[in-house]
Amino acid sequence: MTPRQPLKNAIIALSLLALAAPLAANESEDEDGRHAAPATADQAAPRPEDPDGPPARRDEDRDDDGGEARESAANQDEAEPEPAMPPAPDPVAPLTLLDQSVPVGTFDTLYWTPDQSFRSIATPVPVLVAHGTKPGPHLCLTAAVHGDELNGIEMVRRLMYELEPDELAGTVVGVPIVNLDGFRNGSRYLSDRRDLNRYFPGRKSGSAASRVAYSLFENIVRHCGYLVDLHTGSQKRINQPQLRADLEDPRVVAFAKHFGGMTVLHSPPADGMLRAAAVDEGIVAVTMEAGGPNRLEEEAVDYGVQALETLLENLDMRKASRFWGAPQPVFYESEWIRAGQGGILLSEVELNEQVSKGQILGTVTDPISNTGSAIIAPYDGRVLGMAVNQVVHAGFAAYRIGEEKSAEEVEAKAEQAQEQGDSDGDGTNDDAAPADEPDRPDGDTE
């Protein structure tokens, strides 16, 4: 070995130590993590299955922008919670009526037996029921309360058999022939010669008419939310299709508007009428008049069915095949014009015709003496009801003339009537003249 060899070896050893020092430092720094390279996205968050992963960063370690954004999002989530889902509607239950159960979404025929005749030979009255699958109103239709009024029977049949219960909201109950005895005999009255529509709500132990009225009211009508009682004219009279309604009752006014363009006549009901008893019990009710007795009139029936279809549409019970959105004529005042003498009545006007004050409505002629007189319109108006040509007696109600009013005038009339009623009730009107005889035709049309 030369003298310089040890020195050379020492220099080589020092060089190797200098090169190894940075590698050792990096390995040491990687182990304590103080100067480690930034973690990737996959490494940033600890995994549940990796308990040894890096600890979560504290808020103070986060950058200002990211921390504020996340804090703002958290506050927004806390301030604006997601809206809760609305509760599911109660499911529709089967309908219980006349001690029978009608399943949801079905059409059925039930039977009502009024306590009137020999029980052993009594004939049950059919009751048609369409019970929908969705919640909705309970509408009842009654026809032939007077046994000779046929148009309403056909209206109920046509409407009920076009309903599809699986698409219906609510329930429709139709009683096509209430007065089965009168229907068989072609008579307006019951077998005891009483007018059923003067005995509602009836009495369980009263006359035959009162018992029938009680049975119908308790077993069927009390289950109604709305009621339409279908009628025609009486005693050889015919009526323009119209609703009879008490326009001083706001509930009835609102209901009458649902029938589309059908004429509405203000007509407070007489005691004992079905619609009067229903309204007294909180059931909103109107009478529909269309045509005359002992006859089936296609035009009147179609008119009435269209109004009922529009009613179902406006009550949100089903979509109508025909919707009647025409303006609705309202007649707050009307009057029966009577014959001044007996004889043969021959009309010169038609139903629903507009007439003028002083116009001749018809003439009555004595067939023996050939003397006659004219029936004159006392004011401008429309013919809402009239007698067919026939032999009449003096005082016979021959023409019903209505005076059309605007909605504002009707409301003013209602307010005036209410104020008058309040005034009459305070005892200050004791000396008033007696009221005139009610202006109803012989054997009223309702």
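P201 is found in the loop between α5 (180-185) and α6 (208-219). A cis peptide bond joins F200 and P201. The model described here is predicted.

**The cis bond**

- The peptide bond between F200 and P201 is cis, with omega at about 5 degrees.
- To find P201, go to the loop that runs between α5 (180-185) and α6 (208-219).

- A144 has a phi near 55 degrees. That is a positive value in a residue other than glycine.
- A144 lies in a loop, with β5 (134-143) on one side and α4 (151-160) on the other.
- A144 counts as buried because its relative accessibility is 0%, and buried means under 20%.
- N294 also has a positive phi, near 55 degrees, and is likewise a residue other than glycine.
- Look for N294 in the loop between β10 (284-291) and α9 (298-314).

- P126 sits in strand β4, which covers residues 125-131.
- The relative accessible area of P126 is 33%, so P126 is partly exposed. The cut-offs behind this are 20% and 50%, with partly exposed in between.
- Leaving aside neighbours within four places in sequence, P126 is in contact with T109, L110, Y111, V175 and P176.
- V175 is one of these contacts. In sequence, P126 and V175 are 49 residues apart. In space, their C-alpha atoms are 6.7 Å apart.

**The open sheet**

- An open sheet is formed by 4 strands. Their order is β15-β14-β12-β17, and the pairing is antiparallel.
- The edge strands are β15 (372-376) and β17 (390-392). Each of these pairs on one side only.
- On average, neighbouring strands of this sheet are turned by 35 degrees against each other, direction ignored.
- Strands of a sheet pair through backbone hydrogen bonds, either parallel or antiparallel.
- Within this sheet, β12 (residues 343-347) and β14 (residues 360-365) pair in the antiparallel sense.

Terms used: Residues are numbered from 1 along each chain as its sequence is written. This is a predicted model: local features need pLDDT of at least 70, side-chain atom pairs count only at pLDDT 80 or more; totals for chains, interfaces and linings use all residues. Side-chain values use heavy atoms; hydrogens and water are left out. Helices (H or I, at least four residues) and strands (E, at least two) are DSSP runs, numbered from the N terminus. Buried means under 20% relative accessible area, exposed over 50%, partly exposed in between (1.4 Å probe, protein chains only). Contact means heavy atoms within 4.5 Å. Two strands pair if DSSP finds at least two bridges between them. Axes are lines fitted to C-alpha atoms, for helices over the stretch in contact, and angles run from 0 to 180 degrees between N-to-C directions.
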